[in-house]
Amino acid sequence: EYGRSMGNIHHYSNGLGHLIPTGWSTDGSGGVFRSILRAARTETPWRRLLLEHCGLKETTSARVRLWWFYSRKDDEKKHSFRELDRETIGEELPGHVRVVSKVIPVDADGKVARGNEKTSGEKLAEQIFQAASDPSFKPQVDVTCAEVSAGCAGQLSQFFWDSNLLSPPEGPQSSEVVDIIVAPNVFISWRKASPEGRAVARMREIDLVQRNGSTQVFTFPSSRKIYICSVRVPREE
């Protein structure tokens, strides 16, 4: 239900999500449908490939965590980013890796702004009824609204917030952690323009934006490496 900006099922079912027969986790960190574990494993070395996409070596001593984020392709415009100068990262990056700040709408308490936003289908249906009663009305096919304009965090913003990716990783402070979020339907236009068919962004900052426009910018330390990797993943994978 991230598509409706409602967060994971625990948030709007008072914890009843664990009753789903496929085995939703109840440890408070969200959940995974265990039926995925019955899928046959492939021989594709995704860890190595994704590290290469991010300009990292497979022999890295860092602890690498891979995250899977899937969203609707027509919701791409909803995800808000601010592109930064590559020099702000303070280290050499491959030419195809951009540096961004993730823009996240927050409420008056500084928490991620949630809400039950209408789906694209519901918005289009409203226009159909309006066109039926007013022949002069011209419907708009593109009904996607950026999350900051809507005042309601999109899927990816809620994912970052709920997964604790914005907090320091657990474990020894000296150990380096690399987080790679595989997001096939983010940065689609960047990916289409890439000869390699990939788009990668290093997330250096986050912008917390309230409805009145006031913004707080937080910068991750150089040791905190978060990548968003847009690459097509075959359905069978």
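Buried here means under 20% relative accessible area, exposed means over 50%, and partly exposed is in between (1.4 Å probe, protein chains only). These close-ups come from a predicted model, where local features need pLDDT of at least 70, side-chain atom pairs count only at pLDDT 80 or more, and totals for chains, interfaces and linings use all residues. Residues are numbered from 1 along each chain as its sequence is written, and side-chain values use heavy atoms, with hydrogens and water left out.

**View 1. D162 pairs up with R114.** R114 lies in the loop between strand 3 and helix 3 (120-133) and D162 in helix 5, so the bridge ties together parts 48 residues apart in sequence. Helix 5 covers residues 155-162; helices (H or I, at least four residues) and strands (E, at least two) are DSSP runs, numbered from the N terminus.

**View 2. D179 meets R65.** By the salt-bridge rule the count comes to 11, and here is one of them: D179 and R65, at 2.6 Å, N to O. D179 sits in strand 4 (residues 177-182) and R65 in strand 1, so this pair ties together parts 114 residues apart in sequence. D179 is buried, with a relative accessible area of 0%; R65, at 21%, counts as partly exposed.

View 3. The side chains of R202 and E91 meet at 3.7 Å, N to O. This pair links distant parts of the chain, with R202 in strand 5 (residues 198-209) and E91 in the loop between strand 2 and strand 3 (97-105), 111 residues apart. R202 is buried at 1% relative accessibility, whereas E91 is partly exposed at 32%.

View 4. The whole structure has six aromatic pairs; rings of Phe, Tyr and Trp (its six-membered ring) pair if their centres lie within 6.5 Å, with planes under 30 degrees apart counted as stacked, over 60 as edge-to-face and the rest as tilted. W67 and F159 have ring centres 6.1 Å apart and planes at 85°, so they go down as edge-to-face. W67 is in strand 1 (residues 63-68) and F159 in helix 5, 92 residues apart. F187 and W190, on the other hand, are stacked, at 4.5 Å centre to centre and 10° between the planes. As for clusters, W67, F69, F159 and F160 form one.

**View 5. Charges over rings.** The charged end of R98 sits over the ring of W190, 3.8 Å from its centre. K102 has its charged end over the ring of F81, 5.0 Å from the centre. The rule asks for NZ of Lys or CZ of Arg within 6 Å of the ring centre and within 35 degrees of the ring normal.

View 6. A disulfide is a pair of cysteine sulfur atoms within 2.5 Å, and a search of the whole structure finds zero. C54 is buried, at 1% relative accessible area.

Note on methods:
A salt bridge is a side-chain nitrogen of Lys or Arg within 4 Å of a carboxyl oxygen of Asp or Glu.
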